[in-house]
Structure formats: structure tokens, C-alpha cells
Amino acid sequence: MDIERKQSEVIDKFVKQAASVDASASNLAALVLEATAHPSLFAFSEILSVPNLAKLKGTQYSSSLDVLRLFAYGTWSDYKRNVGCLPVLLPDQVRKLKQLTVLTLIETEKVLPYDQLMEELDVSNVRELEDFLISECMYAGIARGKLDHLRRCFEVQFATGRDLRPEQLDNMIHTLSSWLGTSDSLLHMIQEKIKWADTMSEANKIHRKEIVDKVEEVKKSLKVDLDLRGHEESFSESGGMMDYEEDRVRPKRRRPPMP
């Protein structure tokens, strides 16, 4: 998709900037601020894994590293719980973190009640919530779905995935391993079905050939019988005519007179 390709390009740009050997702590903090406010960026783990970011530890900019972790794995509720340890977010960062919060909720539920969304996003009314979902989620391309005003819920059809939290890796590996095992079993079953189909097809070919051969044998046998019967009938008709002619031309004997 276009959003994924664009995001990949943005990630590459920030990773290269963060990996620059002459990147100072202040420059790295500015980079974190720019990345977390960027309208096309919703994945941060690759930037977070750049070794140079360790320069932020123990400096006046160390909270920038916490902000980057928050945007990689956290939600708006996480920010509110730790607001005393984190810098004040800019409006673009607030919007981005709320977008990420919606994506986190979608990970576990495909039908999100309005009441839950309003609580998680600190939205006071349905109109404001629906405007946010339309303009900041659906128009932004990070989620697609249906807003059900009567049932007061957001029915999700598609959503961009977030960075995997470290504690999710084991579960993801287990899920992928199970999927791989199921796929292998299904592939083996399909291969066995193909072999069986090939065997049946070959057997059908042999059976069909046997039937055709038998039909040809019967045809040949019938032809021979018909030919023989034709010869016999011709011979019989010739013999009968000769007997009739001989009888006709043979002189008749007179009977002796009665005494």
C-alpha cells in the first residue's frame, strides 16, 4: 500500500539521521521530536534500535528516549499516567499518540464502542469522536471501517499494525510456529490428494483403454460373423437355383400302365 511504502521511506530517513556518527544528544532529541510528530510515521522501533540513541541517557534530553518508547509501544492513557516524567507533547504529537491509541485498541477488538474510544482518547462527545476517526484515522489511511451512529460503535475493516512490544514477541513466534505447522499439514494433505487424483486418473485411463479394446474386439468379431453369414447365404441361393434348373430340363419318366 502507498502508506506503507511512504512510511518505509520516512523510517529509512530517520534511521540514517540517527545513525550519523556526529549526531549529538541535542540533535537526537530534535530528531525524536520531528519523528513523533511526523504525519506519515506510525512505527518507531527501528529508530529506537539505533545504537546512537544511547547518547541521550544521562543527559538533559533523556526524556526524549522515553517519549520515543511511548510512541513505539504506548498509548494516550500511558502518557497521562506518566505525564510528570515526560515532556509536554506538542499538538501534532498528541494527535499522533491518539491515532496510535486507536490502532492499539484495534489489535484486540474489531468493533470498538464509542464510549470506550471517548474514554481512551479524552473526547467529550460523539461528534468530536467521529470527526477524529474520519479525518485522523480513515482519511489518514491508517484504518478503514464503518461508523455506526445508532449502535455507537466503530466497525473496523482494516488497520495499520503497530510495533510489537517485547512481551508480544514470544506470543507472535508461537502463533507463527503454529501457523507454519498447520500450513505444512495442509500442504501434505494437498499433495496426498494430488497423488490420489493422479492414481485414479491413470486407473481410469487404463480402464477406458480396456473398454475401447473390448469394443474393437466385439466389432471385429461381429464383422467376421456377418461376412461368414453372407458367404453361406450366397452359396445356399446358388445351389437352390441349380437344383431347380436340373429338375426342369430332366426328362420325366412315364409310369407304366396299370394292369
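Colleague: Is Leu186 buried, partly exposed or exposed?
Modeller: This is a predicted model, where local features need pLDDT of at least 70, side-chain atom pairs count only at pLDDT 80 or more, and totals for chains, interfaces and linings use all residues. Residues are numbered from 1 along each chain as its sequence is written, and side-chain values use heavy atoms, without hydrogens and water. Buried means under 20% relative accessible area, exposed over 50%, and partly exposed in between (1.4 Å probe, protein chains only). Leu186 has a relative accessible area of 47%, so Leu186 is partly exposed.

Colleague: Within what arc do the buried residues of α8 fall?
Modeller: Helix α8 spans residues 126–138, and its buried residues are Val126, Leu129, Glu130, Phe132, Leu133 and Cys137. They line one face of the helix, because seen down the axis of α8 they fall within an arc, taken from the directions from the helix axis to the C-beta atoms, of 155°.

Colleague: Is Thr101 buried or exposed?
Modeller: Thr101 sits in helix α6. Its relative accessible area is 1%, so Thr101 is buried.

Colleague: Which backbone oxygen lies 2.8 Å from a polar atom of the Thr101 side chain?
Modeller: A polar contact is a pair of N or O atoms within 3.5 Å; within protein, one must be able to donate a hydrogen and the other to accept it, and residues adjacent in sequence count only if both atoms are side-chain atoms. At 2.8 Å from Thr101, the oxygen belongs to Leu97.

Conventions:
Helices (H or I, at least four residues) and strands (E, at least two) are DSSP runs, numbered from the N terminus.
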